[in-house]
Amino acid sequence: MSFHPLMPYGEGWHKSDRIVAAEGQPFAFTPDRVRQLEEICGKYPPDRRKSAVLAALYFVQEQQGYLTANAMRHVAEFLRITPAEVEDVATYYVMFYRAPVGRYVLQVCRTLSCALGGAERVVEALSEKLGIKVGETDASGMFTLMEFECLGACDRAPVVMVNNEYWHERLTPENCSKFVDDIKVRGEAALSGCYLKVEN
Amino acid sequence: MEPVLTKYVREPNSFELDFFLTHDGYQGLKKALAMQPNDVIEMVKASGLRGRGGAGFPTGMKWQFVDKKTPNPRYIACNADESEPGTFKDHLLMERNPHLMFEGCLIGCWAIGAKVAYIYIRGEFYHVQKILEDQLAKAYAKGYAGKNVMGSGWDCDIVLHRGAGAYEAGEETALIESLEGKRAQPRIKPPFPAVSGLYNCPTAVNNVETLCNLPSILTNGAEWFARLGPEKNGGPKLFCISGHVKKPGVYEASMNTTLQDLIFNYAGGIRDGHRLKAVIPGGSSVPILMPDQLDVPASFDAVQKAGSMLGSAGIIAMDETTCMVWVAKNLMHFYAHESCGKCTPCREGGDWLYKILDRIERGEGEVRDLDLLTSVSNNIAGKTLCAFGDAAATPPLTTLKNFRAEYEAHIREGRCPIPADWRAGTALAAAH
Ligand SMILES: Cc1cc2nc3c(=O)[nH]c(=O)nc-3n(C[C@H](O)[C@H](O)[C@H](O)COP(=O)(O)O)c2cc1C
Ligand code: SF4
Ligand code: FES
């Protein structure tokens, strides 16, 4: 059956890429994070703790690198909502990892302005240098390569975000190899940073 | 026009509270607090300020619709989700002038009678959020936010809320859903947020740049603001110019300035040895304009008259090395990826369009694919819950309209007619 008479619906055109979260280790927030998270919950009306779910999931990611079923249940308990509500959110937003990732997650913007600036070739070059495809982690567990949609800095194309937080601008295909080597040695300090900070 | 919003952005400490205070900081708020909230709304209405988030809806009118009789709290939700491809103005404003946004949020709260402003900032802007957190703490410490704002006896909180990567969270009702801790999927309107928004309370959703315009309206007056641009398109405007121009960046100008002027003077024109082929004038969601259509003021009304939209003022310029089927395919990947999945035409159709475009671009398309593209696009546009559907149908429709011959060449030759070594960005990358 097809919604459209000419579309070969159901012949490999529609596949879910749902990843069922692993159970993982038993999980509980560190006392420090519990305190911080309570503070965040306090910014919303008392019966609206659910508003803090994104913040809580970021904390999980900070604490153990990626989301697991155990962690999501803990978040649900903490916010007094159901595990399904947490999973609903966790599977929607692209910045949550539902499987282990490398120490440095290279998130290359692939949308139009960056693509006009050569983002496709940047992805190719990084992929070749690291010996992995987009979405994979290299054997050493150091790098994961991802494509992202417009990061909101299109005048600095092509832009790369690292670990949801650090930025590198104007990465050319030619510089990719050095870029990776630099990160290996200097970590996040190897990145250019973002926006006017680069100019000043 | 002398810059208003970006006057100091290149000063090293422009983001600091102390710097802001020595450059008329929080004076607009002071003025507002001395006025009746209703008079503030009237003033914003008189200024003609139109929303900078994309739709260009008059801000004063939006505030007027906010239900003032409700016993429930009211809210300002500041839309800092900036994710429209080609747009990066709020990014600059927040990074270099965060207090202007705070001041705008507070003026908005005063006008509609809210006690909390939630700033929904996209998750990817964490480096900006850290600056905002720092500066917000300073504003609290010095009494510009929190209890007894500027000694007025009025309390108002500002809360930063980090998103987690979803374009659709920029749509106002999806933003509200996301603030409530759910998937960023739009609600059915009506009721509009002004009647029932965040936590089912009256809410005004305003873009960052929109709010940043308020302080100067309060200090310089509605008339001053209106006179800065063409009729009904007053005030300063930030334009984001990217793509194949020599000097990509954010430029502040009046909406009297033509698109031509913005691209060829402000942004320095097209990179050397190349010529302009097509322009997307208002973020990836709007129709393409051809080089001979650019001699129009970059205002909401004039760009619409020219057949496109000013949208988020994200101007993307492309030169002759650009394959337009590839452009449509690139943008369709974005829309297929970012669809929230709530409506069938958008969720399924976006994916189909991407696959058809990909097939044509690889040289495996057939002539009937062109009608298929049109048919699928037309079955998305206007048939969905939010404006995302119309946006998603735009890349194939606008490229087919202006560059049908290019599609036909792909199909006829069985490959992309643009030479492989022109493929996006090689020349540009070498030039940097
Ligand atoms: C799919 C979609 C995405 C949007 N993304 C944004 C956005 O990232 N930032 C923004 O300010 N407005 C965005 N908008 C517009 C908002 O829905 C809303 O109109 C705007 O925030 C209102 O603020 P304004 O009146 O100040 O422009 C988007 C709209 C749609 C339909
Ligand atoms: S048009 Fe698309 S993005 Fe908008 S509500 Fe429908 S499915 Fe979601
Ligand atoms: S297209 Fe890459 S940052 Fe906008």
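In what order do the four strands of the open sheet in chain B sit? This is a predicted model, where local features need pLDDT of at least 70, side-chain atom pairs count only at pLDDT 80 or more, and totals for chains, interfaces and linings use all residues. Residues are numbered from 1 along each chain as its sequence is written, chains are lettered from A in the order written, and side-chain values use heavy atoms, leaving out hydrogens and water.

**View 1. The open sheet of chain B runs β6-β5-β8-β7, with mixed pairing.** Strands here are DSSP runs of E, at least two residues, and helices are runs of H or I, at least four; two strands pair if DSSP finds at least two bridges between them. β6 (249–254) and β7 (276–280) are the edges: each has a single partner strand, so one side of each lacks a neighbour in the sheet.

**View 2. β5 meets β6 in chain B.** Six bridges join β5 (residues 236–243) to β6(B), and the two run antiparallel. K237(B) has A253(B) as its bridge partner.

**View 3. R33(A) and E62(A) form a salt bridge, closest N and O atoms 3.2 Å apart.** That term means a Lys or Arg side-chain nitrogen within 4 Å of an Asp or Glu carboxyl oxygen. R33(A) sits in helix α1 (residues 31–41) and E62(A) in helix α2 (residues 53–64) of chain A, so the pair ties together parts 29 residues apart in sequence.

**View 4. E177(B) and R187(B) pair up in a salt bridge at 2.7 Å between the closest N and O atoms.** E177(B) is in helix α8 (residues 172–179), while R187(B) is in the loop between α8 and β4 (203–207), ten residues apart.
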